[in-house]
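I opened my notebook to look up a few things in one structure.

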Amino acid sequence: MSEVAVIGLGRMGSALAKALITSRRSVTVWNRTPGKAEALEHLGASRAETPSAAIAASSTLIVCLSDYAATSMVLDACATDLLQGKTVVQLTSGTPKQARQLEEWVANRGGSYLDGAISAWPSQIGGPEASIVIAGRESVFTSLEASLRLLAPNLTHVGNDISRAKVLFNAALAYFAGHWIGFSHGAAMCAAEGMDVAEFGETIASLSPMFADDLRHMGRAIEGNRFADPQSTIRSVGVDITRLVEIADDLNINTAFPAFASDLFRNATDAGYGAEEHCAIVKVIRAW
Ligand code: NAP
């Protein structure tokens, strides 16, 4: 028996397996394309010929595949009693609903289930920058905590509700989508005006303490539904954002991002929220 089977040896799965092996854990690996196991075999992993053989050889199963559909394809092909008494740790990205469905599927086969989300590049796995959040039964988490911490010292159990890791991961991804697009739009403006984009990066970086305060403030304001004491308003920020469309037009760069943002702020003003603070924009996004 090995301690852990790692199913999926893409960029991330290989990094997870390597971190465990170099910490002297006994690891069995399986990948659809067998060649990807070679480097790990040289480090000391055992290579299984099939997912079933990998699962049979280990009490804990770490899954890191492209998506939950691939996970289902791989696990469905195994005998129904193979997961009896084993723990599946799903580190593949997906939706909260997929996490709930897989938890039920594993439970029906007598296994335990943890669902996680990785915030790190493969090269960071095992190092101080790596962060993983894990949801699922606390006793199951505790039994695997030491091994999971080898993958990411910054490991957080976010509760018994299995969907929470994927909720947090996808909420953060929504934030980063705006961050990446917003930065790139600003960078295109700077470049079109002949300015150094690296200098723009430094300027935004110097504002990061203010972002931290604003993030905490927005979380509290939205949670408490309190928007009535604004330092800036939906209306005034909306006017500034609408000006970005004019600037993008002047510079002949893509107007999609400022046009989208401008529409959202206009909708909020039209809906009567113009005098409330900037994060009241959530009122035209949320479902409650
Ligand atoms: P990747 O390099 O593209 O690897 C994908 C893996 O899934 C490979 O092992 C591939 O097998 C396997 N696979 C896909 N379809 C399959 C199927 N139908 N049956 C069996 N195996 C199948 O992706 P990755 O970067 O390792 O990402 C894996 C997961 O980690 C994703 O959910 C991703 O969102 C998450 N993640 C990645 C990063 C990152 O920076 N890379 C960061 C955070 C989270 P083959 O080798 O045979 O193709």
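My entries follow, from the whole chain down to single residues.

**Ground rules**

I am working with a predicted model, where local features need pLDDT of at least 70, side-chain atom pairs count only at pLDDT 80 or more, and totals for chains, interfaces and linings use all residues. Residues are numbered from 1 along each chain as its sequence is written, and side-chain values use heavy atoms, with hydrogens and water left out.

**Whole chain**

I looked up the extent of the C-alpha trace. Along its principal axes it spans about 65 × 45 × 30 Å. I then listed the secondary structure and found 11 helices and 8 strands. Helices here are DSSP runs of H or I with at least four residues, strands are runs of E with at least two, and both are numbered from the N terminus.

How much of the chain is buried? Of its 288 residues, 40% count as buried. Buried means under 20% relative accessible area, exposed means over 50%, and partly exposed lies in between (1.4 Å probe, protein chains only).

I also checked contacts, meaning heavy atoms within 4.5 Å. Among contacts between residues at least 6 apart in sequence, 62% join residues at least 24 apart.

**Two domains**

The chain divides into domain 1 (2–160) and domain 2 (167–286). These bounds come from an automatic or database domain assignment. Domain 1 gives 8 residues to the contact, and domain 2 gives 4. The C-alpha centres of the two domains lie 37 Å apart.

Next I looked up the interface. The size of an interface is often given as the accessible area lost when the parts come together. Domain 1 and domain 2 bury about 420 Å² between them, and 72% of that is on carbon and sulfur atoms. Buried area is the accessible area (1.4 Å probe) that two parts lose on being put together, summed over both.

How many salt bridges run between domain 1 and domain 2? The count is 0. A salt bridge needs a side-chain nitrogen of Lys or Arg within 4 Å of a carboxyl oxygen of Asp or Glu. I did find 1 residue pair in polar contact across the interface, with both residues at pLDDT 80 or more. A polar contact is a pair of N or O atoms within 3.5 Å; within protein, one must be able to donate a hydrogen and the other to accept it, and residues adjacent in sequence count only if both atoms are side-chain atoms.

On the side of domain 1 that touches domain 2, strand S6 (residues 112–119) supplies the largest share, 3 residues. That side divides into 4 nonpolar, 4 polar and no charged residues. Nonpolar covers Ala, Val, Leu, Ile, Met, Phe, Trp, Tyr, Cys and Pro; charged covers Asp, Glu, Lys and Arg; the others, Gly among them, are polar.

**Salt bridges**

I counted 8 salt bridges by this rule. Arg25 pairs with Glu3, and their closest N and O atoms are 3.6 Å apart. This pair links distant parts of the chain: Arg25 sits in the loop between helix H1 (11–22) and strand S2 (27–30), while Glu3 is in strand S1 (residues 2–7), 22 residues apart. Arg25 is partly exposed at 24% relative accessibility. Glu3 is partly exposed too, at 35%.

Asp263 and Arg266 meet at 3.0 Å, N to O. They are separated by about one helical turn, because they lie 3 residues apart in helix H11. Asp263 is partly exposed at 39%, and Arg266 is partly exposed at 42%.

Lys283 forms a salt bridge with Glu276 at 2.7 Å between the closest N and O atoms. Is Glu276 buried or exposed? Glu276 counts as buried because its relative accessible area is 19%. Elsewhere, salt bridges that share partners join Glu41, Arg47 and Glu49 into one network.

**Three single residues**

Ile62 lies in strand S4 (residues 58–63). It is buried, at 3% relative accessibility. Beyond four places in sequence, Ile62 contacts residues including Val4, Val6, Leu16 and Leu151. Its C-alpha is 6.1 Å from that of Val88, 26 residues apart along the chain.

Ser262 is in helix H11 (residues 256–273). Ser262 is buried, with a relative accessible area of 3%. Not counting residues up to four places away, Ser262 touches Ile241, Thr242 and Val245.

Leu244 is in helix H10 (residues 234–251). Leu244 is partly exposed at 27%. Leu244 and Pro258 are 14 residues apart in sequence and 5.8 Å apart, C-alpha to C-alpha.
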